[in-house]
Every structure is written in structure tokens, then in C-alpha cells.
Amino acid sequence: MLATNSRIPAGRSGAEEDFARYRDVVADIFARHLRTVLPGVDGALCSCGNAWPCREELLAAELLDWI
Ligand SMILES: [Zn+2]
């Protein structure tokens, strides 16, 4: 938390600010990592090229549980 708090101007370090930033991060991940199904390929792929769900996608889902 210390690393993130140092980037927040004084007086704006409330939990609401943290949640707003997490929402931005999650929205960005969901925008860049899309579930893709290719013909002839077992299972789904992420648009980043890894197997679905990729690590970024799992991280976004984890963050969503908090906010
Ligand atoms: Zn991905």
C-alpha cells in the first residue's frame, strides 16, 4: 500500500480513490484481454495469445472481488 499511497496527493488517499483506480485497471485489462475461440483449437484463447483465462484476466477477476 505504501507504494501506491505515495502517488496520491495528500487528502485524497481514501478507500474510494483506491477503488476508482482499481476499476480503471480492471477495465483496461478487460479491454485488452478478450476470450477468443479459434476453429480447430481446443479450449479458448485470450486475445493476448495465452490460454484462457490468462494471468491478467485472473488478476482482473480477483480485483473485481474487492471492489
Ligand atoms: Zn490475456
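**Helix meets helix**

The names come from DSSP runs numbered from the N terminus, with helices being H or I runs of at least four residues and strands being E runs of at least two.

Before going on, a word of care: this is a predicted model, where local features need pLDDT of at least 70, side-chain atom pairs count only at pLDDT 80 or more, and totals for chains, interfaces and linings use all residues. Residues are numbered from 1 along each chain as its sequence is written.

Keep α2 (residues 15-32) and α3 selected: their axes come within 9 Å and cross at roughly 145°. Those axes are lines fitted to C-alpha atoms, for helices over the stretch in contact, and the angle runs from 0 to 180 degrees between N-to-C directions.

Now show side chains. On the α2 side, pick Tyr22, Val25, Val26, Ile29 and Phe30; they meet α3 residues including Leu59, Ala60 and Leu63. Contact requires C-beta atoms, placed from the backbone, within 7 Å. By class, this α2 and α3 contact has ten nonpolar, no polar and two charged residues. (Nonpolar covers Ala, Val, Leu, Ile, Met, Phe, Trp, Tyr, Cys and Pro; charged covers Asp, Glu, Lys and Arg; the others, Gly among them, are polar.)

**Two stops on α3**

Click Ala60, in helix α3. Is Ala60 buried or exposed? Ala60 counts as buried because it has 20 C-beta neighbours inside 10 Å. The cut-offs are 20 or more other C-beta atoms within 10 Å for buried, 12 or fewer for exposed, and partly exposed in between, with C-beta atoms placed from the backbone.

With 12 C-beta neighbours inside 10 Å, Arg55 counts as exposed. From Arg55 to His33 is 10.0 Å, C-alpha to C-alpha.

Go to Pro53, in the loop between β2 (45-46) and α3 (55-66). The peptide bond from Trp52 to Pro53 is cis, with omega near -5°. Most peptide bonds are trans.

**Zoom out**

Finally, show the whole chain: three helices and two strands, in the order α-α-β-β-α. Buried residues make up 4% of its 67 residues.

Conventions:
Two residues are in contact if their C-beta atoms, placed from the backbone, lie within 7 Å.
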